[in-house]
Amino acid sequence: MYMDAAAMCCLGFGFLYVFSKYYVWGGVGLNFFICGFGFLWALPLKAIVHAIFEGEFHKLQINMTELTTNCHITAAVLISFGAFYGFTSPSQLLLVCLLEPFFMLINEHVVVKLLHVADAGGSLIVHMFGAFFGIAINIALNIKPKKLPEEHRTTSYMSDFGAMIGSIVLWVFWPSFNGALLYNDQTLQGRVLLNTYLAICASCAAAFATSSLAHRGRFEMIEIQNATLAGGVIIGMICPFQIDPWVSVLIGGIGGVGSSFGYAIYIFLERLGITDSAAVQMLHGLPGLFGGIFAAFAVLANNDNYLYSYNNGWLLETDSNRSRGDQFGYIVLACCSSLAIAIAGGLITGLLARLPLCPDVKTQDMLIDHDFWTIHSGCPDPRAKDNKGKFKENVVLGNDYNTSKSLILKLKFLQNIA
């Protein structure tokens, strides 16, 4: 299960983030960096957060459970990366990688340990948290959609093809991701895999149908890349529950349809001046929130579901005196807690990323690889176009321009340290 979760982070998200025409290396390369750093940084950070709440420090035992948990923590950062994809420098991204897991673990402790709301697939504590954390960073960085160069935001036939491969990888491994931490109970894990399988298949079918109907018989690639996966997100919190197969199919179908129409919300956010580079609200934010809402109502419908919502355990009873109505309220409170901590943490991180110690990226330089990667051939710098939209002679990559600009950024960084 660890390998499946790691494959989702490295391969699934990595290929999904190659959709931009001029930010392919940044998407897949920085995604790889986030995975490597995040998998490692999460280990000591969990011990630190545990010491904060428990009042004493304990050594962390490194095992497969902890490694798999690291994948869930890193996935939240990868989701946030999708929101500010192409807008930050590597130093700003490093700051996000340092701080977001800390806020994510605090929220997880509040939701799971204090409120006793289990979230096996991470609908709230991974998907919704990461999406709103990333949006809050964009707000703090004051990134306005209208100021971004339209040419830099375009996709290409091959970049969308690569992103579609990422969607397929995520789709295949999503059931394992939702059930990765329940390996001690094969019966419960099997139920998680089955419910996720049914939901994500339904969202795939519903997304294609909705996209075709909405666009007069044609499919919109951004909707297919995202909405086909929404079933895995929206079923994440409810997947351990005792529900009929048709309920899983219905929830997944609602996720696929809702995520497809969520593209309208993406446009609405842009009109409000809020940027969502990879449309993470379509795939993670709103489906994650609705996943928590569905779980709350499922608790009211069945007393057994209350037990699974409390601790994800195969138990006949619990030491809690809560009623189903009480647990409904605690799940709603968990949704509000996750939203509040995500938005507050994202705003704090974004404001810190604006400090002089972290070199920023100018608006005209966003969503292109050329300032932070040595590109030798095959990808012209869009800033090298003339007034007629054609690339200037002898300017294929802008290597001299990029090299000098890279040196300037490094010198500014050293001056800020000094």
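Colleague: Which residues line the second largest cavity?
Modeller: In this predicted model, M8, F13, A75, V126, H127, W174 and F177 form the lining of the second largest cavity.

Colleague: Which elements give two or more residues to that lining?
Modeller: Those are α1, α5 (123-141) and α6.

Colleague: How much space is in there, and what classes of residue are around the space?
Modeller: The second largest cavity holds about 30 Å³. Its lining has six nonpolar residues, one polar and no charged.

Colleague: Back to α1 and α6. At what angle do they pack?
Modeller: Helix α1 (residues 2-16) packs with helix α6 (residues 157-179) at about 160°, and their axes lie 7 Å apart. α1 is therefore roughly antiparallel to α6, since angles over 145 degrees count as such.

Colleague: Left-handed or right-handed crossing?
Modeller: α1 and α6 cross in a left-handed way.

Colleague: Which residues meet there?
Modeller: From α1, D4, A5, A7, M8, L11, G12, F13, F15 and L16. On the α6 side they meet G162, A163, I165, G166, S167, V169, L170, F173, W174, S176 and F177. By class, this contact of α1 with α6 has 14 nonpolar, five polar and one charged residues.

Colleague: How does the lining of the largest cavity split by class?
Modeller: Eight nonpolar, three polar and two charged residues line the largest cavity.

Definitions and conventions. Residues numbered from 1 in each chain as written. Predicted model: local features only at pLDDT ≥ 70, side-chain atom pairs only at ≥ 80, totals over all residues. Heavy atoms only, no water. Axes fitted to C-alpha atoms, helices over the stretch in contact; angles between N-to-C directions. Helix = DSSP H or I, 4+ residues; strand = E, 2+ residues; numbered from the N terminus. Parallel < 35°, antiparallel > 145°, perpendicular 65-115°, else oblique. Left-handed = near helix turned anticlockwise from the far one by under 90°. Contact = heavy atoms within 4.5 Å. Nonpolar A, V, L, I, M, F, W, Y, C, P; charged D, E, K, R; others polar. 1 Å grid on protein atoms, 1.4 Å probe; cavity = no way out; pocket = protein on both sides within 12 Å on 5 of 7 lines; lining within 4 Å. Points joined across faces, edges and corners; volume = space filled by probe spheres on them.
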